[in-house]
Amino acid sequence: MIFLIFASAVILAYGLGVVPSLHTQKELSKKMIYGVFLSGMLLKMILAAVSRGYESDFNCFSVWADMVFHGGFSAFYRSEAFTDYPPGYMYILWVIGFFKNILPASEPLLRVLIKLPAILADLFSALLIFRLGGKKRPSFFLAACYLLNPAVVLNSSLWGQVDSVLTFTLFLSVVLLLQKKPTAYLVFAVAVLLKPQALILTPVMLYGYYQSAVLEKNFKKHTGFGFCALLLLALLSLPFGFSEVLLQYQNTLSSYPYFSVNAFNLWAALGQNWVDLTPAGKLFGYLFIVLITILSFFLLSRRKAKSNFFFVGG
């Protein structure tokens, strides 16, 4: 709803001429570019310092940062503490734990520090949008809309969620896939290490591999990078204990047997938030995943436009 209101306001402002024409040939000034991006970051920092956000997640991130910094990677999943994140984000929290121990104790500073990875990911995503559009006025406008989108600001700066970190890595992996760069598989591996939800993009990545390796006959290069991505998953998991990481993924994927958990989706709209998942619901979920995978391959094979990867991935 917040996004729809924001989008409607932007469209209305453009229609009324409040926003300058996107088709004008006038060059964007560096002052305007830096001003918008820096002011957006400043706004996010101020809002981050105002509120702790979702108390449970904030406390988890803060405690995990201390655990992984003081106790090391190998002891993290062996402790009795509650953990439901795979090892990727723990590397980021190690850095946060380092700064927590050298910076003066301050609640506003701690709030900013915990939320900083998501805030930076918002900025990187906006910069990537800007670059994708050739650094022209339309792409700058879209990048600013993303950076200042109230829903994005609320999620990262106030609510303190880290979805933006996952979003950026998935966004970057699709961009690299479109550019026929096999490093896309390495970035996707990092995304999977951050959150298992990244696996939902697997059909898009597999089709990108099929297109580059098979259809365009670049098999060795892309297959080699595919194996490197698997190796990267293993290497980054080893410091935590390979068996412990596998168990963590298993526990994470099975620890929320509910139709929806605080998500703005169809199930929540039907009043199923935090409602136990029934056997029929599980079957429907698995069936839906299979259908989505088939539909993804169908759409990607039928339409060759590059934008199709973003459409299907979204």
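These are my notebook entries on a predicted model of a protein.

**Entry 1: overall make-up**

I began with the secondary structure. I counted 15 helices and 0 strands in the protein.

Next I looked up the overall dimensions. The C-alpha trace spans about 60 × 55 × 45 Å along its principal axes. I then checked the radius of gyration, which is 21 Å for the protein. A compact globule with 314 residues would have a value near 20 Å, so the two agree.

I also looked up burial. Of the 314 residues, 38% are buried. For contacts, I took residues at least 6 apart in sequence. Among those contacts, 68% join residues at least 24 apart.

**Entry 2: helix 2 against helix 7**

How do helix 2 and helix 7 pack, and at what angle? I find residues 30-50 in helix 2 and residues 150-158 in helix 7. Their axes are 8 Å apart, and the angle is about 50°. That angle makes helix 2 oblique to helix 7. The crossing of the two helices is right-handed.

I listed the residues that make the contact. Helix 2 supplies Lys44, Leu47 and Ala48. Helix 7 supplies Val152, Val153, Ser157 and Leu158. By class, the residues of this contact divide into 5 nonpolar, 1 polar and 1 charged.

**Entry 3: positive phi at two loop residues**

I looked up lysine 217 for its backbone. Its phi is near 55°, a positive value in a residue other than glycine. Lysine 217 sits in the loop between helix 10 (202-215) and helix 11 (219-237). Is lysine 217 buried or exposed? Its relative accessible area is 76%, so I noted lysine 217 as exposed.

Tryptophan 274 came next. Phi of tryptophan 274 is near 60°, again a positive value in a residue other than glycine. I placed tryptophan 274 in the loop between helix 13 (266-269) and helix 14 (279-302). Its relative accessibility is 41%, so tryptophan 274 counts as partly exposed.

**Entry 4: two buried loop residues**

I turned to threonine 83. It lies in the loop between helix 3 (55-71) and helix 4 (87-102). The relative accessible area of threonine 83 is 14%. The cut-off for buried is under 20%, so threonine 83 is buried.

Which residues does threonine 83 touch, not counting residues up to four places away in sequence? I recorded Trp64, Phe76, Tyr77 and Gln248.

Lysine 195 is in the loop between helix 9 (183-194) and helix 10. Its relative accessible area is 13%, so I marked lysine 195 as buried too. I left aside its neighbours within four places in sequence and listed what remained in contact with lysine 195. The list is Tyr85, Pro86, Val162, Asp163 and Leu166.

**Entry 5: serine 254**

At a relative accessible area of 49%, serine 254 is partly exposed. The cut-off for exposed is over 50%, which is why serine 254 does not count as exposed.

How far is serine 254 from alanine 144, in sequence and in space? I noted 110 residues in sequence. In space the pair is 38 Å apart, C-alpha to C-alpha.

Notes. Residues are numbered from 1 along each chain as its sequence is written. This is a predicted model: local features need pLDDT of at least 70, side-chain atom pairs count only at pLDDT 80 or more; totals for chains, interfaces and linings use all residues. Side-chain values use heavy atoms; hydrogens and water are left out. Axes are lines fitted to C-alpha atoms, for helices over the stretch in contact, and angles run from 0 to 180 degrees between N-to-C directions. Helices (H or I, at least four residues) and strands (E, at least two) are DSSP runs, numbered from the N terminus. Angles under 35 degrees count as roughly parallel, over 145 as roughly antiparallel, 65 to 115 as roughly perpendicular and the rest as oblique. A crossing is left-handed if the near helix is turned anticlockwise from the far one by less than a right angle, and right-handed if clockwise. Contact means heavy atoms within 4.5 Å. Ala, Val, Leu, Ile, Met, Phe, Trp, Tyr, Cys and Pro count as nonpolar, Asp, Glu, Lys and Arg as charged, and the others, Gly among them, as polar. The radius of gyration is taken over C-alpha atoms; the globule rule is 2.2 Å times the number of residues to the power 0.38. Buried means under 20% relative accessible area, exposed over 50%, partly exposed in between (1.4 Å probe, protein chains only).
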